[in-house]
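Colleague: I have a model open and would like to learn how to read it. Can we go feature by feature?

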Amino acid sequence: MDLQSLFYPRGVVVIGSASPGKLGYQLIRQLLDGGYEAVYAVNPAGKGLSPARGRPGVPGFSSVGDIVEPLDLAVIVSPTGTVPSVLEDCGQAGIKAAVIITAGFSEVGNHAGEADVVEAARRHGIRLVGPNCAGIINTRHKLTPTLETLPPVGSVSLIAQSGAVGGVLLAWAKEFGLGISKFVSYGNGVDLREVELLRYLASDPDTGVVALYIESVSDGRAFMEAARDCTRAKPLVVIKAGRTESGQRATLSHTGSMAGAEVVYDAALQQCGAIRVHTVEEMFDACKAFSTLPPLDGDRVVIVTNSGGPGVMAADWAESIGLDVSEPSPAARARLAEFLPPHCAFRNPVDLTVEGTEDGYRRALLALLDEYDAALALNIAPAYLDSVPLARGVCDAAEETGKPVAAAFLPAQIVHEAVPHLEARGIPNFATGERAVSALSHMARHRARQEGWRPLAAAEPGQHAPELLSASGQMLEHEAMAWLKANGFPVPDYHFAPTVESALQGCGYIGYPVVMKVVSPDILHKSDSGGVALNIQDEGGAQTAFFRLQRSAADRDFRGVVIYPMLRGAQEVLLGLSRDPQFGPVVVCGLGGVYTEVWRDVVLRVAPVDLAEASAMIQGLRSLPLLQGARGEPSSDLEALAALLADFSQLPFRYPHISEVDLNPVFVFPEGLLVGDVRIIARSV
């Protein structure tokens, strides 16, 4: 995507009052402080800024058209009602990008005014950031039209729906030395939003890490494609905050009640290869690690400390978030014993005690990084010791091995001389050991996802010949079974019986023992309402079961019963489909049967999924050991289950009428599987 006019303008015009104390004045000063020179001011008074205290002056004009120098970018802080006419003037002057700082649009209910802004911009081909935003930054171009803190130059690019969140990160970037490449606060996002900006930054040579703060996305599937392309090239760290009213809804079906907005965002970000974090501190730490450390090739981390308690706490946290903090090998412990006193701990964490020295840190890290992928150097500094030599030892080892080494030197007031030494030599220092290992875990997760990177699964519409699902509303179970069978899904023999006579005939056809289920559009969960009879052995039992089921639905719309063979020797699994308002069809897989809502052991993905993603979903179940054959039981046919899940996830694309589908249970045998129950809800299209 070409955003040259936005990020690399030949000239910038600030439109709004340039009087001291006004936003226009502040933005002009920010541009000058950042080193940008081709700045012009436009306001009714034609007021600019005079040279002062080493700053150059800025010429003022009463109209954009009066400026003869080349202009590419307008920064607008004029009153809300003037913005459409300002854009008209910019368009006539040939400006192709605008950042609208001005607020007072859709965020306060002024949708008509915002629509006028969009119309004016489209008429002249102007790309917009905002309105109601905090501006942009491109440090490489010395472009700083923002109200936020100006950061140092670096490789992290930040997209923020919220200017305030972006402002916090930029302030920390300046305070703690995190280098920023680009920053965009897009506010109301009437034009440029997360999708277009991700596509741009994915190929931006000045961006090594992308940080994204969002509260919602404009197009879930377009966002996933843009994020997926971005993570192929570089890390993407995301905070997703806020919930929408529609995202909090819960339908009565299994799938709908399990597919809240946050769960869908989690799944979407994981499928895209993005790293989701939950706090600004976690985002900052991850960006610091990604932008300063070499790539992490695995998840095996060693902790070298001079204090046992903090080292143990860091190790506990590291293990809880998925890092491997296993003990050093006997050979590594033998090497440590050659130069460390016997009172040191040679496990993981490796505790040098308070007597740890520059040479001790250096040699311990060198010995251990032969077999670990990364290290945390933890120094809880006593006030009477100089931490600078320890920092030197850590840096020497990191440079010699070329592996990622994070530091947690604290407390800050004691190690204030050591930390600059660390960071000057490329070793990021974190506030605590726990925050350091969290950052390393994000690096390990990103590397694993990059290694397994593949395009998102494609929808395959129109592959099946059977007639489209035509009814609007819920299908009865025997109708849904027939539809599944026509679409190639494995179903057991079944027989629908509206009367007791046909039920007895059906039981004879199926063969005892059988299962009998009530058929009624008014009964959703048959087991909860006494609508299932199991292990029926003969005609007498079948007749009794039929009348009992009929009585259980006496005050409802009883249509009859459906009869199946009694299936044994299988694990029960749930497969479900529903629709998310932002991402469309989503698919779940989990523990099935009557305990679905009790255990809620489900894994969700945005549909469709391919065979590899379906297998990953199954591997993500907490109940996986049951499917693999716990306590001597045979393993279930997980290959058949993955194939069924991938095929199942395509249904809403082949049949847009589908709103929800539950297959619960799917009986998974040691060889093969069968769909034991189905619920389908159609919608009008």
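Colleague: Which hand does the crossing of α21 and α23 have?

Modeller: In this predicted model, α21 passes α23 in a right-handed crossing.

Colleague: At what angle do the axes of α21 and α23 cross?

Modeller: Roughly 120°. The axes of α21 (residues 611-619) and α23 (residues 638-648) come within 8 Å. Angles from 65 to 115 degrees would count as roughly perpendicular, and those over 145 as roughly antiparallel. The α21 and α23 pair is therefore oblique.

Colleague: Which residues of α21 and α23 meet?

Modeller: Start with a general point. An α-helix has 3.6 residues a turn, so residues three or four places apart point the same way. Now the case here. From α21 come Leu611, Ala614, Ser615, Met617, Ile618 and Gln619. They meet Leu638, Leu641, Ala642, Ala643, Leu645 and Ala646 of α23. By class, this contact has 10 nonpolar residues, 2 polar ones and no charged ones.

Colleague: How are α7 and α9 set against each other?

Modeller: Helix α7 (residues 220-233) packs on helix α9 (residues 261-272) at about 40°, with the axes 8 Å apart. Under 35 degrees would count as roughly parallel. So α7 and α9 are oblique to each other. On the α7 side, Phe223, Met224, Ala227, Arg228 and Thr231 make the contact. On the α9 side, Ala268, Leu269, Gln271 and Cys272 do. The class count for α7 with α9 is 6 nonpolar, 2 polar and 1 charged.

Colleague: Is helix α3 mostly covered or mostly open?

Modeller: Mostly covered. In α3 (residues 83-92), 7 of the 10 residues are buried. They are Val83, Pro84, Val86, Leu87, Glu88, Cys90 and Gly91. The cover includes strands β1, β4, β5 and β6, and helix α4. Just after α3, Gly94 takes a positive phi of about 85°.

Colleague: Is Ser155 buried, partly exposed or exposed?

Modeller: Buried means under 20% relative accessible area. Ser155 has 22%, so this residue is partly exposed. Ser155 is in strand β8 (residues 153-160). Its contacts beyond four places in sequence include Arg140, Asp206, Thr207 and Ser291.

Colleague: Where is the pLDDT below 50?

Modeller: The average for the protein is 92, and 94% of the residues score at least 70. Over residues 243-260 the pLDDT is below 50. That stretch still has 42 contacts in the model beyond near neighbours in sequence. Where pLDDT is low, the predicted coordinates should not be read in detail.

Conventions. Residues are numbered from 1 along each chain as its sequence is written. This is a predicted model: local features need pLDDT of at least 70, side-chain atom pairs count only at pLDDT 80 or more; totals for chains, interfaces and linings use all residues. Side-chain values use heavy atoms; hydrogens and water are left out. Helices (H or I, at least four residues) and strands (E, at least two) are DSSP runs, numbered from the N terminus. Buried means under 20% relative accessible area, exposed over 50%, partly exposed in between (1.4 Å probe, protein chains only). Contact means heavy atoms within 4.5 Å. Axes are lines fitted to C-alpha atoms, for helices over the stretch in contact, and angles run from 0 to 180 degrees between N-to-C directions. A crossing is left-handed if the near helix is turned anticlockwise from the far one by less than a right angle, and right-handed if clockwise. Ala, Val, Leu, Ile, Met, Phe, Trp, Tyr, Cys and Pro count as nonpolar, Asp, Glu, Lys and Arg as charged, and the others, Gly among them, as polar. pLDDT is the predictor's confidence in each residue, from 0 to 100.
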